[in-house]
Structure formats: C-alpha cells, structure tokens
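Colleague: Could you take me through how some parts of this model pack together?

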Amino acid sequence: MSILIDAETTFIVQGITGREAVNLTRECLDYGAGAKIVGGVTPGRLGRDVHGVPVFDTVAQAVEHHGQPIDGSVVTVPPAFTRDAVVEAIENGVRLIVVVTERIPRRDVAQMVELAALRGARIIGPNCLGMIVPDVVKMGGIGGPAKNAAQAYTPGPIGVISRSGGMTTEMSSTLTAAGLGQSTAVSIGGDAIIGSTYAELMPLFEADPETQGIVIYTEPGGRMEAELASWVREHHSRLPVVAFMAGRFMDEMPGMSFGHAGTIVEGKEDTATEKIARLAAAGITVAERIEDIPGLVKDKLEVST
C-alpha cells in the first residue's frame, strides 16, 4: 500500500522540454517499474518526444491522446506561468499536481490552492521534489537518479513528510540504514503557502494499513506544526510520530530566515522552541539529531505493538 500514487498512476510533465524536466522525466522512467508518464506539455513543441514520451501543446491534447483521464501532473514551468499551468491541469481533470517550481508569487499560489480545493484536486508543493513509493514509483525529482533513489529508499512501514526535498532523502536514507523502510515519502515544499500540509496528509497515512509510524522534518516559521499537533490529539492518531526541528538557532535571531521562504518567524508561536513544546504536548517526540530518529521510531513502534 501507499498514499497518493502507485504503480498504476498516470501523469504528465508540464514544461517537459526544459533541462530540469528532461532529467526528471528520465529519473522517473528509470525508477522501480517505471513511471507511467503518458505525455508532456510545452506550448509550441507538439510532435516532439522526450525519452519516448510524446509532447503536446496543451494538457487537453495530452488527455485526448491518452483517451481517458490522467491522474497527475508534475509542473516544472517558470514561476510567471505556473498558475496558468496548474489551472490548465485542474480544468482538464488532473487531480494530483506536483509543483516543482519555486519563487512563485504568493497570490498565484493562493489562487492555485483555492481552485484545487474547489475542484477536488490536490497540490503537492510548490518548491518541492515530489513523492516516492520505494521500489515502485516516483513522481518528481525526489531521490535524484534512479540508482541513487534505490539506495536511499526501501519499502517499509514508515511514512516520511518533509518541508525540505533534500532532507526527505536524508531522513529516509537514515531510516533505511537502520532497517526501517518507508511506505511513502512526500516532499511537501518549503514555501510559506503550500498545497498539502502535515495535517492534511496525516489522514491518508492513517488510512494506509502498511504505514505504522511517521517521521517529519520541519523548520521554524508558519503554523503547520500547530495544525499537526491539533490533528494528532483530536483524532487520537494510531501512528507514532517522530519529528526533527531544524534551525533552532533562529530563536536567537528574530526576523531572520534560512533555507526556505516559509521559515520567516513572525511571532513567538513560530519559533522552534514553541513548536517543539507544542509537538511534545501532542505526544510527538522531537529528535535532537537526525541520526537519533531511527532509535526513537523503533522505541515508539515497540510501545504501540
């Protein structure tokens, strides 16, 4: 089992002829059983192909060519055109959209997320690397080339959610080395506004019988951790959760941010110290170091069984 994607998930790559998208497409095709990429979209490039994937001018053309609804899209177009690309995908029946692009205007992201909610679609990102079901399929650049992804990710019972794309792989690799595989790993994006938060993904992991625990990577800034803590308490989650909080030094540097656009601390509730306390109050263990995570996860799994 997994969440969001599986071996049968069909998707397109919007902006497929760009350099990053060409590499991303190759990586997805090479990983696991090979992703079912049924088309790519770059206006003006109709009739071309990228690694055997046919290219179309519009999403509508890709859907028509496929002959049935397409499950997902990986959006890699420039920031100024991302909103239009996402809207086009949603209006053509795509229900899972991974937005790789970063530096998208906040207003555009807010409009994208609102439209997705109205249409019953889900956005992962922006500014993310996508998601992976170990040894099965990946959607996005997560894990890098197929051989590297195969080393970092292994099948197992731990769901991984991370604001940092690179740390999604780092944490999963640490779990793998300790004999703890992953059910699904999701890079949700580090921007201030994103399509799917920890709390919004938790019900999916909760419903997945293969997932027995959750590991999250988080940072100062924003309210996502408060939402997660509330969700875990209110729903009496069966899943033990271990978190790692980066950027603790920011508590001594008010107004500063590091790494991601979403790490700006606007008030006391956004600080690492407050977030750690809130997570702990909900029964979520916060690791001091990345290498401590596997041991904490194993301890929690033993208690829950």
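**Helix packing and an aromatic pair**

Modeller: Helix α6 (residues 165-177) and helix α10 (residues 293-304) pack with their axes 9 Å apart and at an angle of about 65 degrees. Axes here are lines fitted to C-alpha atoms, for helices over the stretch in contact, with angles running from 0 to 180 degrees between N-to-C directions, while helices (H or I, at least four residues) and strands (E, at least two) are DSSP runs numbered from the N terminus. The model is predicted, so local features need pLDDT of at least 70 and side-chain atom pairs count only at pLDDT 80 or more, whereas totals for chains, interfaces and linings use all residues. Residues are numbered from 1 along each chain as its sequence is written, and side-chain values use heavy atoms, leaving out hydrogens and water.

Colleague: Which residues of α10 make the contact with α6?

Modeller: Contact means heavy atoms within 4.5 Å. On the α6 side the contact is made by Met171, Thr174 and Leu175, and on the α10 side by Ile293, Pro294 and Val297.

Colleague: How is the aromatic pair of Tyr217 and Phe244 arranged, and what is the angle between the planes?

Modeller: Rings of Phe, Tyr and Trp (its six-membered ring) pair if their centres lie within 6.5 Å, and planes under 30 degrees apart count as stacked, over 60 as edge-to-face and the rest as tilted. Tyr217 and Phe244 are stacked, at 6.0 Å centre to centre, and the angle between the planes is 25 degrees.

Colleague: How far apart in sequence are the parts that this pair ties together?

Modeller: Tyr217 belongs to strand β12 (residues 213-218) and Phe244 to strand β13 (residues 241-245). The pair therefore ties together parts that are apart in sequence by 27 residues.

Colleague: Are Tyr217 and Phe244 buried or exposed?

Modeller: Buried means under 20% relative accessible area, exposed over 50%, and partly exposed in between (1.4 Å probe, protein chains only). By that rule both Tyr217 and Phe244 are buried.
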